[in-house]
Structure formats: C-alpha cells, structure tokens
Amino acid sequence: MSDRISLTIPTATRFRGVATLVLGGVGSRLDLPYERVDDLQLAVLSLLEASDGDRVTVEVEAQEEGVLVSVGPLSDGTGTDGALARVLDPLVDSVEPSERDQRVWMTLRIHR
C-alpha cells in the first residue's frame, strides 16, 4: 500500500516552506524520527535550489517501507553534479537521477 502526494509550486524561495511542511506531515504520519524527516527536508530543499523554470513538482510517496520523493524538472547536469551528491548522500538512503519528458528529475528514498 502507498499514498502519493503531488505538489507543484513556483520556484520562488518563499514557496519552498510548503514542500517542507508536506514532508513533515508525511514523516509524522509514518512515525519517522525527527532527524530523518529533517534530513529529508534538507535534501529536498537542496534539490529545489537546482530547479529549472518557474515551477517545480515534488511527488511524495508514503510506503510501508519508507518515503520516496521525486523532484523535477531540474537543471541539466543535476543528476551528475558531484557537489550535490556530496550533500544528498549523507541525508537520504538513496538518490537516483531519471529523465521525464527529456528533463532531469531526482528521486530520494528514506527507509523506515
């Protein structure tokens, strides 16, 4: 069983708190430790910095085994950005770049 939330927001900095609020609610619902929710929020905020265009989508999938978050579209090269990888790797259990409609997306996973 899984539940999915799709949130499309403007890329302006003032809207990023909405994404962290949604992640906090999902983490609370899954009884994730505060530190893990905080790590996931920080990872998503880091990806939002790499957003491309005037809107970005954050898809959150709550699963029995954890949380899966996809963010995109992002700037070209985000999936191979070594500096971003060094930020994300300690925060989440896995990071996977993908392509949708020829645009870069990143998927983050945190296990329960």
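In this predicted model, the side chains of Arg4 and Glu61 come together in a salt bridge, with N and O 2.9 Å apart; the term covers a side-chain nitrogen of Lys or Arg within 4 Å of a carboxyl oxygen of Asp or Glu. The two partners come from distant parts of the chain, Arg4 from strand β1 (residues 2-10) and Glu61 from strand β2, and 57 residues separate them. Strands here, like helices, are DSSP runs numbered from the N terminus, with at least two residues of E for a strand and at least four of H or I for a helix. Arg4 counts as exposed because its relative accessibility is 56%, whereas Glu61, with a relative accessible area of 13%, is buried. The cut-offs behind these words are under 20% relative accessible area for buried, over 50% for exposed and anything in between for partly exposed, using a 1.4 Å probe and protein chains only.

By the salt-bridge rule, the count comes to 6. Among them is the pair of Glu49 and Arg16, whose closest N and O atoms are 2.5 Å apart. Glu49 sits in the loop between α2 (34-48) and β2 while Arg16 belongs to helix α1 (residues 16-29), so this pair ties together parts 33 residues apart in sequence. Another salt bridge joins the side chains of Arg100 and Glu59, at 3.1 Å from N to O. Here Arg100 is in strand β4 and Glu59 in strand β2, so parts of the chain 41 residues apart in sequence are tied together. Arg100 comes out as partly exposed, at 29% relative accessibility, and Glu59 as buried, with a relative accessible area of 15%. As a general point, side chains of opposite charge can pair when their charged atoms come close.

Now for the sheet. It is an open one, built from 5 strands in the order β1-β2-β3-β5-β4, with antiparallel pairing. β1 and β4 are the edge strands, each pairing on one side only. From one strand to the next, the twist averages 20 degrees. Two strands are taken to pair if DSSP finds at least two bridges between them. Strand β3 (residues 66-74) is antiparallel to strand β5 (residues 103-111), with 7 bridges between them; Leu74, for instance, has Val104 in β5 as its bridge partner. On the β4 side, strand β4 (residues 94-100) and β5 also run antiparallel and are joined by 7 bridges. Ser98 stands opposite Trp105 in β5, and Glu99 is set opposite Val104 in β5. β4 and β5 make a hairpin with 2 residues between them, and Asp101 in the turn has a positive phi of about 50 degrees.

α2 lies across β2, β3 and β5, at about 175 degrees to β5. Such angles run from 0 to 180 degrees between N-to-C directions, and the axes are lines fitted to C-alpha atoms, for helices over the stretch in contact; contact means heavy atoms within 4.5 Å.

Back in the sheet, Thr57 is found in strand β2 (residues 55-63). Thr57 counts as buried because its relative accessibility is 13%. Leaving aside neighbours within four places in sequence, Thr57 is in contact with Ser6, Leu7, Thr8, Ser70, Val71, Gly72 and Trp105. With one of these, Thr8, the side chain of Thr57 makes a side-chain polar contact of 2.9 Å. A polar contact is a pair of N or O atoms within 3.5 Å; within protein, one atom must be able to donate a hydrogen and the other to accept it, and residues adjacent in sequence count only if both atoms are side-chain atoms.

Finally, Arg86 has its place in helix α3 (residues 82-88) and counts as exposed, at 62% relative accessibility. The C-alpha atoms of Arg86 and Arg109 are separated by 16 Å, the two residues being 23 apart along the chain.

Residues are numbered from 1 along each chain as its sequence is written, and side-chain values use heavy atoms, with hydrogens and water left out. As the model is predicted, local features need pLDDT of at least 70 and side-chain atom pairs count only at pLDDT 80 or more, while totals for chains, interfaces and linings use all residues.
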